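Reader: Before we discuss any contacts, could you show me what we are looking at?

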Amino acid sequence: MWAQVEQQALATTLLQAGPEQDTLCAGWRTRHLAAHLYLRAHQPWRLLGLPSSDGLDELAEECRDVLRYEQVVEQFLQRPAWPWRLGQLGGMNDLGNLVEYVVHHEDVRRAGDDPAPPRTLPPELNAAIWARFAPMSAGFYLPAPVGVLLTVPGSPRMQRRARPGADPVRVVGPPVEQALYAMGRRGQAQVQLRGSTMQVQRLADWLSAR
């Protein structure tokens with residue numbers, strides 16, 4: 001499954017970065033991201049802010065210690081207990097986790113003063129990312145003031161109308177860049193907006209205000 005491949009790659013990048021590197025998640029360092037990923041997979045109830053449970057901030061504070069940080073990253077790779085393991089069975093893993101892992105991987109790679117360039121991914125992985133991201137794209141663009149058409153260059157089948165409307169703006173870029181752009185990493189996502197000047201400006205203004 002591609003989610004497992006990306007999970008391993010993300011963990012490797014987190015270990016190489018250490019606990020105090022910046023990320024694209026506002027206010028989070030790598031220790032916060034590691035804590036989030038571990039809790040999301042193994043103890044999701046701790047992310048709900050329930051009075052009787054410690055949350056992300058507590059675990060992220062523990063991860064200031066390098067050994068604890070590395071332990072949490074390694075535990076993130078382990079299979080969760082039931083019933084949380086259900087989300088990693090069969091196609092459910094890619095469905096629920098692939099885009100999450102890809103975006104958070106780039107949150108680490110592209111942060112800081114010397115961001116890493118986009119990765120060259122296997123065509124099969126790009127197709128899997130698109131298959132998971134495209135159906136959810138309307139959730140990001142439906143409130144937009146203009147029609148939005150997502151297009152992957154050189155891939156006629158990778159096209160999705162994320163928001164209906166005449167004279168749509170085309171968001172052009174590879175699947176990873178599309179996901180980053182829609183999910184708020186617009187300063188780092190390498191996409192192009194194409195369409196009439198007025199429509200492109202309306203979309204850009206709307207995005208800037210979010």
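This is a predicted model: local features need pLDDT of at least 70, side-chain atom pairs count only at pLDDT 80 or more; totals for chains, interfaces and linings use all residues.

Reader: How are the rings of F133 and F140 arranged, stacked or edge-to-face?

Author: A pair of aromatic rings is described by the distance of the centres and the angle of the planes. F133 is itself buried, at 0% relative accessibility. For F133 and F140 the ring centres are 6.4 Å apart and the planes lie at 25°, so the arrangement is stacked.

Reader: Which residues make up the cluster of ring pairs that includes F133 and F140?

Author: The stacked pair of F133 and F140 belongs to a cluster that ring pairs link together. The members of this cluster are W130, F133 and F140.

Reader: How many aromatic pairs does the structure hold, and what is the angle between the planes of F76 and Y101?

Author: The structure holds three aromatic pairs. One of them is formed by F76 and Y101, an edge-to-face pair with a centre-to-centre distance of 5.5 Å. This pair links distant parts of the chain, F76 being in helix α4 (residues 66-77) and Y101 in helix α5, 25 residues apart. F76 is buried at 1% relative accessibility, Y101 is buried at 1% as well, and the angle between their planes is 90°.

Reader: Turning to charged side chains, how far apart in helix α5 are R109 and E106, and what is the N to O distance of their salt bridge?

Author: An α-helix has 3.6 residues a turn, so residues three or four places apart point the same way. Within helix α5 (residues 92-109), R109 and E106 are three residues apart, which separates them by about one helical turn. R109 counts as buried at 17% relative accessibility, and E106 is buried with a relative accessible area of 1%. Their side chains meet in a salt bridge with an N to O distance of 2.8 Å.

Reader: Which parts of the chain does the salt bridge between E106 and R119 tie together?

Author: The closest N and O atoms of E106 and R119 are 2.9 Å apart. E106 lies in helix α5 and R119 in the loop between α5 and α6 (123-133), so the pair ties together parts that are 13 residues apart in sequence. R119 counts as partly exposed, at 25% relative accessibility, and the parts tied together are helix α5 and the loop between α5 and α6.

Reader: Which residues are linked with E106 in a network of salt bridges?

Author: A search of the whole structure finds 13 salt bridges. E106 forms salt bridges with R109 and with R119. The network that contains E106 also links E6, R109, R110, R119 and E177.

Reader: What N to O distance does the salt bridge between D22 and R29 have?

Author: D22 counts as partly exposed at 40% relative accessibility, and R29 is partly exposed too, with a relative accessible area of 33%. Their side chains meet in a salt bridge whose N to O distance is 3.0 Å.

Reader: Within what arc do the buried residues of helix α1 fall?

Author: Helix α1 (residues 2-17) has 16 residues, which at 1.5 Å a residue should span 22 Å, and its end C-alpha atoms are 22 Å apart, in agreement. Its buried residues are A3, E6, Q7, L10, A11, T13 and L14. Seen down the axis of α1, these buried residues line one face of the helix, because they fall within an arc of 165°.

Reader: Which residue of β4 is the bridge partner of V171?

Author: Strand β3 (residues 169-172) pairs with strand β1 (residues 148-151) in the parallel sense over four bridges, and in that pairing L150 stands opposite V171. β3 also pairs with strand β4 (residues 192-194), in the antiparallel sense over three bridges. In β4, the bridge partner of V171 is L193.

Key: Residues are numbered from 1 along each chain as its sequence is written. Side-chain values use heavy atoms; hydrogens and water are left out. Two strands pair if DSSP finds at least two bridges between them. Helices (H or I, at least four residues) and strands (E, at least two) are DSSP runs, numbered from the N terminus. A salt bridge is a side-chain nitrogen of Lys or Arg within 4 Å of a carboxyl oxygen of Asp or Glu. Buried means under 20% relative accessible area, exposed over 50%, partly exposed in between (1.4 Å probe, protein chains only). The expected span of a helix is 1.5 Å times one less than its number of residues. The arc is that of the directions from the helix axis to the C-beta atoms. Rings of Phe, Tyr and Trp (its six-membered ring) pair if their centres lie within 6.5 Å; planes under 30 degrees apart count as stacked, over 60 as edge-to-face and the rest as tilted.
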